[in-house]
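Work through these exercises with the structure open. Each task is followed by a stepwise solution.

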Amino acid sequence: MTDTAFLVTLALALIVATIGAAIAVRLGQSAILGYVAAGVLIGPYTAGPIADAHTVAALADVGLVFLLFAVGLELSIRDLLRVRRIAFAGGLIQVAASVVMGYAVALALGFKPIEALFFGAFISQSSSTVIAKILGDRGELDSQHGHIALGWTVLQDLSTVVLVVLLTALSEGGDLTIDVAIATAKAVLFLVVLVPVGLYVLPRLFERIALLRSREVFVLTVVAVALGTAYVSELFGLSLALGAFLAGLLIGESDISHQISSELGPLRDVFAGVFFVSIGMLFNPAFVLAAAGLVAVAVFLIVPVKATLVAGLSRLLGAPTRSAILAGVVLAEAGEFSFLLARLGASQGAVGDVMFSLMLAAAAVSIVVAPWLARYAPGALREIDRRRPITAEEAMPVAPTESARAPRRFAVLCGYGRVGRLVGAALERRGFPFVVIEADPRICRELRARGVPVIQGLAENERNLDRVEFQRAQVVVVTLPDAVALRQVVHHVRREHPRVPIVARARSASDREMLEREGAGEIVVAETEVALEMARFTLGRLGVSGPETAAIVQGLRRRTATKT
């Protein structure tokens, strides 16, 4: 391929990705759907311009590395370790169960045993890229089900190493014991090298590069480290994505991780779009129509069956019901390594044309369905929670015990995550009583042990809100990250108790506009408050007096509120 042809392919992929994403977002859908649809249009199975599949696939690998490296930067090792029992044990059981189930179904459909094994391994995997994109777009990377899902994919990715070795040995007649031992030794050696380098060497390298005060050198260093780590990971028999994710996760513990993440952001978004375009190029509409029954069976195993399996295992291992179900929904698609296993089987002659086409079609369909499921699942859970029978205990009103300091007035905290926890700590420090509405059973048990009145359940459920004696409430604090739930809480409280002050957390300017229409009195936009606090600190360091700084910040806050 000439340089011009490469540029034409890159330009075509980016142009159709832009158009597809713009249309999808305009229609209120995930940009992923637009990317995949764009890939179908420039793929080999539809009329019109055809992009070079090998070039797009190579660019997609770059996007995969950047996206997973960036996700690792945004996560905390401590947060992942909190769900290790659920994610790692559950992931191991789920992969094994999926392989057995896929093997049995493929045999029943008439495929050869080796094809059935590849099919079982294929459906066992989920997409770290799709999960990271969905959770990031919804602001749920820091949620409990987000931690479970991402930890789960780490185990799945590690299992791919074993599956590739086993399937290769079975296809070629190699020695399983020796091959597995060699692969395991390589993986352990990679981790032994990566952990100290990622925790101690790379953060110091980035700090020294930052001292040069050259943005281009810093960006080049970030790109080189992300791609270099992925390359070394592949040399050790692991995947590009897993190496990049682990490197980002380790570097994310350093103080400079936020600067790295911000510099990598534009590249990550561009190449992540190309990755999903490459998925669309694999989609063959004619095969889906001709083998609709087979595709439906495969999609059924990947989406509802795997979602149920993940949710059931998560709940069995101690996750709250809501978090378990949402983790199952997020993991209900095929992954990057599903494509790797499909290509491996085809290249070794173990997988025939029909099975290979079935794998690609089912994976593409599941990836298209994934954002839609993740978008509507929380609303479905809210509706189920609203319709379930109410117990006698749930019908009783909840309020703090009256005290000499606050005989009648108290605060209501809707949501007790990181933001709500800080508000609660401030109230406790001054001795002010408050009531919490929270869905996580573990948080509820912790609060009850401290004597804090708790209503366990979704804050947006009107039955839970009705248990609060709002006529005695001094203020309602809504910290929910879900915009729909946020709107429902504010709407209900304002409708039923119009005089109670409401302060709500908004993630964006559009959320602010929505909350203003619903009647929230004080709205805190996260990005705006961060910027104002930084401005306040900067003015103080430059010698501006406290009162003048406060006046400037207040003026900026009013101006920002007017613009939004």
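**Exercise 1.** In what order do the six strands of the open sheet lie, and is the pairing parallel or antiparallel?

Solution. This is a predicted model.
- Step 1: read the strand order, which is β3-β2-β1-β4-β5-β6.
- Step 2: assign the sense; the pairing is parallel.
- Step 3: find the edges. Strands β3 (454–456) and β6 (522–525) each pair on one side only.
- Step 4: take the twist. From one strand to the next, it averages 15°.

**Exercise 2.** Identify the bridge partner of A411 in β2.

Solution. 
- Step 1: locate the two strands. β1 covers residues 410–414 and β2 covers residues 434–438.
- Step 2: count the bridges; β1 and β2 pair in the parallel sense over four.
- Step 3: pick out the partner of A411, which is F434.

**Exercise 3.** Which residues have the most contacts inside the largest nonpolar core?

Solution. 
- Step 1: size the core; it has 99 residues.
- Step 2: name the residues with the most contacts inside it: F69, F119, F206 and I260.
- Step 3: Leaving aside neighbours within four places in sequence, F206 contacts F218, T221, V222, V225, I251, I256 and I260.
- Step 4: look beyond this core. Another core, of 29 residues, lies apart from it and includes V398, A459, L465 and V500.

Definitions and conventions
Residues numbered from 1 in each chain as written. Predicted model: local features only at pLDDT ≥ 70, side-chain atom pairs only at ≥ 80, totals over all residues. Heavy atoms only, no water. Core = buried A, V, L, I, M, F, W, Y, C linked by side-chain atoms within 4.5 Å. Buried < 20%, exposed > 50% of the residue type's maximum accessible area, 1.4 Å probe, protein only. Contact = heavy atoms within 4.5 Å. Pairing = 2+ DSSP bridges. Axes fitted to C-alpha atoms, helices over the stretch in contact; angles between N-to-C directions.
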